[in-house]
Amino acid sequence: MMSPYDIIIKPIITEASMDNMDKGVYTFKVDRRANKSEIKKAIEVVFGEGVKVAKVNTMTVPGKLKRMGQNQGRTPSWKKAIVTLKPDSKDIEFFEGI
């Protein structure tokens, strides 16, 4: 089993994800092998006791086609998790200063 710190790779900070933070919805890049229940446990462990996850939506983002001259290849595919917190949960403090 993976460590919670291995499951959550980094937060995704975009304009759309910043707008959703007011509703208690956060977006993360996660390990491709992690499932929803592992992601839920990892969020609750990494960000402290007051954080309670209501639901987790995941999607696999396909890699983009890239070219360098005549050669072409793909960037790696990755997994995105959209985490919704319960209404009585405290906010994730990592995003407070952004």
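These notes go through a predicted model, from the whole chain down to single residues.

1. Overall layout. The chain has three helices and six strands. Read from the N terminus, the order of the elements is α-β-α-β-α-β-β-β-β. Along the principal axes, the C-alpha atoms fill a box of roughly 55 × 35 × 20 Å.

2. Burial and surface. Of the 98 residues in the chain, 30% are buried. The accessible surface is about 6700 Å², and carbon and sulfur atoms account for 50% of that area.

3. Contacts along the sequence. Take the contacts between residues at least 6 apart in sequence: 60% of them join residues at least 24 apart.

4. Charges. The chain carries 18 positive and 12 negative charges. The mean position of the positive charges and that of the negative ones are 12 Å apart.

5. Helix H3. Which residues of H3 are buried? They are Ile39, Ala42 and Ile43. Seen down the axis of H3, the buried residues fall within an arc of 100°, so they line one face of the helix. On the face of H3 turned away from the buried side are the exposed residues Lys41 and Val45.

6. What H3 packs against. The buried residues of H3 pack against helix H1 (4-7), S1, S2, S3 and strand S6 (78-85). After H3 comes Gly48, which has a positive phi, near 105°.

7. The aromatic pair. The structure holds one aromatic pair. The ring centres of Phe28 and Phe47 are 5.7 Å apart and the planes stand at 35°, so the pair is tilted. Phe28 sits in strand S2 (residues 25-30), while Phe47 is in the loop between helix H3 (36-46) and strand S3 (53-61). The two are 19 residues apart, and the pair links distant parts of the chain. Both Phe28 and Phe47 are buried.

8. Ile12. This residue lies in the loop between strand S1 (8-11) and helix H2 (15-20). Is Ile12 buried or exposed? Its relative accessibility is 15%, and buried means under 20%, so Ile12 counts as buried. Leaving aside neighbours within four places in sequence, Ile12 is in contact with Ser17, Thr27, Phe28, Lys29, Trp78 and Lys80. One of these, Phe28, also belongs to the aromatic pair. Glu44 is 32 residues from Ile12 in sequence, and their C-alpha atoms are 18 Å apart.

Technical notes:
Residues are numbered from 1 along each chain as its sequence is written. This is a predicted model: local features need pLDDT of at least 70, side-chain atom pairs count only at pLDDT 80 or more; totals for chains, interfaces and linings use all residues. Side-chain values use heavy atoms; hydrogens and water are left out. Helices (H or I, at least four residues) and strands (E, at least two) are DSSP runs, numbered from the N terminus. Buried means under 20% relative accessible area, exposed over 50%, partly exposed in between (1.4 Å probe, protein chains only). Contact means heavy atoms within 4.5 Å. Accessible areas come from the Shrake-Rupley method with a 1.4 Å probe; for residues, only the protein chains shown count as cover. Lys and Arg count as positive and Asp and Glu as negative; His and the chain ends are not counted. The place of a charge is taken as NZ of Lys, CZ of Arg, CG of Asp or CD of Glu. Rings of Phe, Tyr and Trp (its six-membered ring) pair if their centres lie within 6.5 Å; planes under 30 degrees apart count as stacked, over 60 as edge-to-face and the rest as tilted. The arc is that of the directions from the helix axis to the C-beta atoms.
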